[in-house]
Every structure is written in C-alpha cells, then in structure tokens.
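These notes are meant for a colleague opening this structure for the first time.

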Amino acid sequence: MNIVSTERLGHSYHDRWLFKNLHFGLQKGDRVALVGANGTGKSSLLSILAGQLDPLEGIVAKEKGARIGFLSQDPTFNAFKSINDFIYSTDNQQQQLIRAYEELVSDPDADPRKLASLSDQISAIDAWEYEHNIKSILTRLQITDFSQAIDTLSGGQKKRLALAKLLIDEPDVYILDEPTNHLDIETIEWLEKLLTMGQKTVLLVTHDRYFLDAVCTEIRELDKGRITAYSGNYRYYLEKKAEREEAEQVLLERNRNLLRRELEWMRRQPQARGTKSKARIDAFYELEEKTKTQGKQSDLQLSVKISRQGSKILELEKIFKSFGNKLLIENFSYVFKKGDRIGLAGRNGTGKSTFLNLITSVERPDAGNIEVGETTVFGYYRQGGLVVQEEDRVIDVVKSVAEYIRMANGDELTASQLLTLFLFPPEKQFGHVSKLSGGERKRLQLMRVLIQNPNFLILDEPANDLDIDTLNILESFLLNYPGVLLLVSHDRYLLDRLTEQLFIFDGNGKVTIYNGNYADYKEEQAAIAEANKRKIEHRIIETPPSQSDVKRKLTFREREEYKFLDEAIPKLEQEISTQTLALTNTTDHLLLTNIATEIERLNQELDTKTERWLELGEYI
C-alpha cells in the first residue's frame, strides 16, 4: 500500500506543461531518487507531493496520519525569529522540555531547583536519548548558537538548519531536494548512514552520484512529462536507459520511414475523403507529432578555446590569513604548474572559499606574497550564483560578456548559437532570467565563465543544482581542459574524476598538500586508522607470563611505580567523568571537538596505566 500517491497529476510552469496525467507512488521503506534534466519539473513534483504546492490537475493522497518532511532547495522559515523557535516545535512536549533544559544549562545564574525539576521531567518521559540525538544532529550540522536570529544566517546555514529540523522531527516520509548542498563531505557521509538506518521512506533529488548510490534502491526518471522507473542503483539506471534510448532510436527511424510513405499518400489524396481515409489522416498527424517530439534530442558540448598560458602562472609564498582570532591559513607556499588539477578539501568554514578569494585578489593576505603571471586569465565560478536583474533577457546576459566566442576548433559562434549549444532554445534565449529554473541559472552562470577563455579555471561548488546529464558533460569537458583547474566540491565523484592533488584545510591554519584524489586520501586515512586500532589491540592482549616471571619479586622501583599507578588511575577516571559531564553541558562546536579530543587522550592514558598496574599486580 502506498504511503503517498498521486492520481492524474498535472502542473505547468510559465505556461508550459511540465507533466500531465502523472501517476506516482511511494511505499513504506522505498528509497527513491528522482532524476531528470533541469527544467523538467523535479522540484515542482517534490513540492506537490509534500503539500507545499497545489497541482493544476489531479490529486495527492497520503496514508492517514502520515507525516511528510520536506527539504526544499531554498527553505523558508515563515514567522520564526530564532533558531530555537524553529527547531523546537510548540506542540511537542519532549522538544519543549529539552529546549527549556538547554536554555537553563546555558544560563550561569540558573536556579538549581528548576534545573533538577526539568531533569526529573525529562527522565519521567524517557527523553534523555532524544535530547542526545537532537544535540548530535545540530552539532553535526554546525548549528551551535541557538539564540541566533534566522534572518542573519547565510543561504548555506539556512539549508542546514532546515535539514536539522527535518531529521529531528523523524517524519514518515523524507522528501529532500538537493540535501547535500552546503554540506561538507564528512557530513554527507554521516547523512548517508542516517537515511539508510531503519525502514525510512525517502524520495530525493540529488546531483551527488555517490550519495545517490549509497542511499537509493530505485531510480525514477522524469522526462517529457512521464516517469520511467528503474530498480537498482545509478549505474544500473544508466545501463538500462542506454538500452531504452537505443530501442527508441530504432523506433524513431522506423516511424520516420513510415512518415515519409504516409506523406506521399497525403499528397496524392483527393479533396473528398471517406471515413477510412479520415482515420488514416488522423493517424498521420499523430505519427508526425510523435516523430517530431522524439527527434528533439540536444547534446551540450563544451569546447571553448583557452587563452595562451606562460611559464609563470601563480606563485604563493608564505601566506597567512585570519578572521578575528580564527587562523585559516598559516605559512602556505605553492607554485602552480601547467596542467595542475587540484581539489580543495576540508569541512565548512576551514578557509577554502577564503583561499579562492586570496588568489583572485578579492581579499588580501595578512602576510606573504601572491604573484600572478602576466598571461594568467582566471575564470571564477562562484558559489553565490548568477547576479543579474530578474527582468534581463537571457541572451543579453551573455552579450554583456561577449557578442562572439571562439571555440577550440576555430569556429566563431554568436551569443545565440552558443546558448543553443548550452541547451537554451530560442524561446528561452529571449525570455527573462526570472523564468529560468535554479539549474538553468547555474548553467547560464557556468557558460558566462567559460566564454571568457580562461586558462586558470576556479570552480566553487559547481555541482549544486546542476542536473546529472549536464554534470556528465561538464566532466567530459574538464577532463580534456588543458589549463589549470582548481575545484572546491563536496561531490566526491567529481573530485575523484577531475583532480590529481588535494589541498586539505584543517581549520586551524594548516594546509596539507596530498598527491592523489579524494578516494586515494580516504583509503590512506582508513588504512592509518586500522593500523592504529591494531596497535592498541595488540598492546592490551595479555601475554601469558613465563614461570620465571611468576616467581620473581618486584624491585623497589616497581613497587613505587605500582603505588603511583594505584593513586593515579582513580584521578584519571575522575577527570574523564568531569570531561564527559562538560561534553553534555555545552553546545559550542569547537569546544565539543576539544573536549572529545581530551577525553580520547585521557582514555588512552588510562588504558596504558591500567594495563601496567595489572601487570605489576600479578607479583604483589
């Protein structure tokens, strides 16, 4: 039985039908990815299923009492003023008790009796684990200041806040529109595990192919207003889609041949026609329309010519950069070489975008020197998006950069011809930017960067809001791009395909240069972690003492060591207990990290001392 379904659904956008007579259903435990080109109506369909948008035709039915959680591309927060107001629902007793408790804990002058009373109430409804889950989700999504006003948050912070609320509420159906946008890679991997735990029902739109493969067990493609389902992961979908398109191509050729014969028959027909002829004429027009629709296949091809590049490209010498007391880049040097393909990795807020702004002179370093080669031409695709007037025409946005563009094969294209290559048909070229979907805006922004013929291409989260087909072609172009490529992306597939070196930002000023792509780096880190684990396990395996060891007596120094350990171990246990209590009483992200690191160090010290204490105790 479907937990949510549609009947004869239809919707249009700016006088163009996205889909009509659409049937769509989700059963409990389904984890489905919705794929399709930008502008086909994926986001509209998600909004309709979530009850955020009324369809023009048809209905949406859901199981009685089923709760649907929806994460949109651009979340809105209505009348909520602070993060606290939004996170904790007024109709949820557990959440309201937890909110009151957290506010009291953060108040240094809190009444201990109120705190004790709230603790008792939370214990009475068995909500301590729920409180821990809420704190874990908020901390993981870098939400620490609960009193912060929502209107002061950036777009990325708002997206993470909306995701946190959805995960805390644990709905029956998770509908997610680009959930990985504005998340760092570690958080994406955490979200993958969270969504695949239990029998969660998930419907999502994402450009992240690794995320899609890890979470979803079914792909549904929205194309030309109809849904085609594929059971399996993304790779299986690509194989079956290729087979389907090949079969459709054969059918298209057959229809074209039939259409030519029918066209000859139409030309030979007299003016007066019988019933049989009318049926054949209707069939002719139906075949003509079907062939015309099937024939509309466009391929995006990116092959712009790059500017000549000299021997000196970009040199960084002992760069320092801070914001307030936060040191982001400390004493970093690098000389860029022809053909460099570098990915920037690190959690959000560690300095990746600041680094890009430094090398493009948007910001200046606190110390150090940056020298740009005379022939270096930057092409900077910014995360912020396309900054134009909503009433500007699409073609004018391109013409403001260049009327003509020279391609790699020497051809010179007009702005209109180039827009056609980028899948903007004439009706969209002369339409307003306000009518473009989010993905189409990103494609237009990318095109504006590439037509400047850059030989040093900087892409800051290019995958956000682009459809997978456009990403595949962008990858093909970038694989053959002869200039320097500097890529910031949370898309692990993109990093693995396009980069050969990483700059890893730790957020405390250190930037590590790693030779290899992200998959290589993760594999190496996993190997190091496994080796460290084995060392610890090897240390705690008790070696059976020999007969001579059993009979021997402790030396004076060993007896003194035993006494010292006997006193030190309880102190360590008390310190660990104190730090663990501090961990539960703070929401500061950086402080949480520091306390967790200290607890880990103390536990290792305790293990070592306990092991030695037990060893000496054998001879007492």
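At the start of α3, which backbone nitrogen does a side-chain oxygen of N92 reach? The first point takes this up, and the others move on through the chain; please keep in mind throughout that the model is a predicted one.

1. The start of helix α3. A side-chain oxygen of N92 comes to within 3.1 Å of the backbone nitrogen of Q94, and this takes place at the start of α3. The helix itself covers residues 93-105, and its 13 residues should span 18 Å at 1.5 Å a residue, which agrees with the 18 Å that separates its end C-alpha atoms.

2. The chain as a whole. Its secondary structure comes to 21 helices and 21 strands, and of its 620 residues 45% count as buried. Of the contacts between residues at least 6 apart in sequence, 68% join residues at least 24 apart. The chain exposes about 33100 Å², and carbon and sulfur atoms supply 49% of that area.

3. Residue S47. This serine lies in helix α1, which takes in residues 42-49. Is S47 buried or exposed? Its relative accessible area is 16%, and because the cut-off for buried is under 20%, S47 counts as buried. When neighbours within four places in sequence are left aside, the residues in contact with S47 are Q52, L53 and F70.

4. Helix α7. This helix, residues 185-196, has 12 residues and reaches 17 Å from its first C-alpha to its last, which is close to the 16 Å expected at 1.5 Å a residue. Its buried residues include I185, I188, W190, L191 and L195, and T187, E189 and E192 are buried as well. After α7 comes G198, whose phi is positive, near 75 degrees.

5. Residue D223. This residue has its place in strand β9, residues 218-223, and at 27% relative accessibility it counts as partly exposed. The side chains of D223 and K224 are joined by a polar contact of 3.4 Å. The C-alpha atoms of D223 and F19 are separated by 8.9 Å, although the two residues are 204 residues apart along the chain.

6. A three-stranded sheet. Here three strands form an open sheet in the order β12-β11-β14, with antiparallel pairing. The edge strands are β12 (326-335) and β14 (367-372), each of which pairs on one side only, and neighbouring strands of the sheet are turned by 20 degrees against each other on average, direction ignored.

7. Five bridges join β11 (residues 314-323) to β14, and the two run antiparallel; within β14, V372 is the bridge partner of L314. Helix α11 (residues 352-359) lies across β11, β12 and β14, and runs at about 130 degrees to β11.

Notes:
Residues numbered from 1 in each chain as written. Predicted model: local features only at pLDDT ≥ 70, side-chain atom pairs only at ≥ 80, totals over all residues. Heavy atoms only, no water. Pairing = 2+ DSSP bridges. Helix = DSSP H or I, 4+ residues; strand = E, 2+ residues; numbered from the N terminus. Axes fitted to C-alpha atoms, helices over the stretch in contact; angles between N-to-C directions. Contact = heavy atoms within 4.5 Å. Expected span 1.5 Å × (residues − 1). Buried < 20%, exposed > 50% of the residue type's maximum accessible area, 1.4 Å probe, protein only. Areas by Shrake-Rupley, 256 points an atom, 1.4 Å probe, with all protein chains shown as cover. Polar contact = N/O pair within 3.5 Å; in protein donor to acceptor, adjacent residues only side chain to side chain.
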